[in-house]
Amino acid sequence: MPLDAYRAGDEYVICFDLPGVAPEAIDIDVERNMVTVKAERRPRQEGEGVKWELSERPLGVFSRQVMLSDTLDPEGISADYGAGVLTLKIPVAEKAKPRKIAISHSGDRKQIQA
């Protein structure tokens with residue numbers, strides 16, 4: 001199951017190629033920082049009298065696991081399937097986003113002499 005992965009702003013995107021797989025035959029599990037995608041490509045149901053001459057597309061169950069870094073939030077994963085491509089969007093965790101640190105200004109301090 002080939003995939004592409006990239007970061008787009010505050011999301012990490014993973015696209016899996018799953019041509020010929022029905023949406024109900026796709027299962028996505030997340031456990032801690034491991035995402036597992038399982039899919040099943042079933043044989044086409046043809047009418048009576050069909051005699052296959054050639055069958056090269058793989059059938060059956062296949063899976064792929066992707067380990068997510070600690071900078072991603074597995075709780076916020078969303079999935080979309082269209083045109084044979086499963087797209088997972090994983091938000092970048094708040095703790096991993098760049099942030100500015102405010103600098104306080106204490107002004108002039110008087111020294112205390114003992």
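## Strand pairing and a salt bridge in a predicted model

V13 lies in strand β2, where strands (E, at least two residues) are DSSP runs numbered from the N terminus. The model is predicted: local features need pLDDT of at least 70, side-chain atom pairs count only at pLDDT 80 or more, and totals for chains, interfaces and linings use all residues. Residues are numbered from 1 along each chain as its sequence is written, and side-chain values use heavy atoms, with hydrogens and water left out.

V13 has a relative accessible area of 3% and is therefore buried (under 20%; exposed is over 50%, partly exposed in between, with a 1.4 Å probe and protein chains only). Its contacts (heavy atoms within 4.5 Å), not counting residues up to four places away in sequence, are D4, A5, Y6, T87, L88 and K89. Although V13 and K89 are 76 residues apart along the chain, their C-alpha atoms are separated by 4.7 Å.

Y12 has I90 in β7 as its bridge partner, while G82 stands opposite V85 in β7. Two residues lie between the strands of the β6 and β7 hairpin, in which A83 takes a positive phi near 55°.

The whole structure contains one salt bridge (a side-chain nitrogen of Lys or Arg within 4 Å of a carboxyl oxygen of Asp or Glu). E40 and R42 form a salt bridge whose closest N and O atoms are 3.5 Å apart. E40 is partly exposed at 29% relative accessibility, as is R42 at 44%.

Terms used:
Pairing = 2+ DSSP bridges. Helix = DSSP H or I, 4+ residues; strand = E, 2+ residues; numbered from the N terminus.
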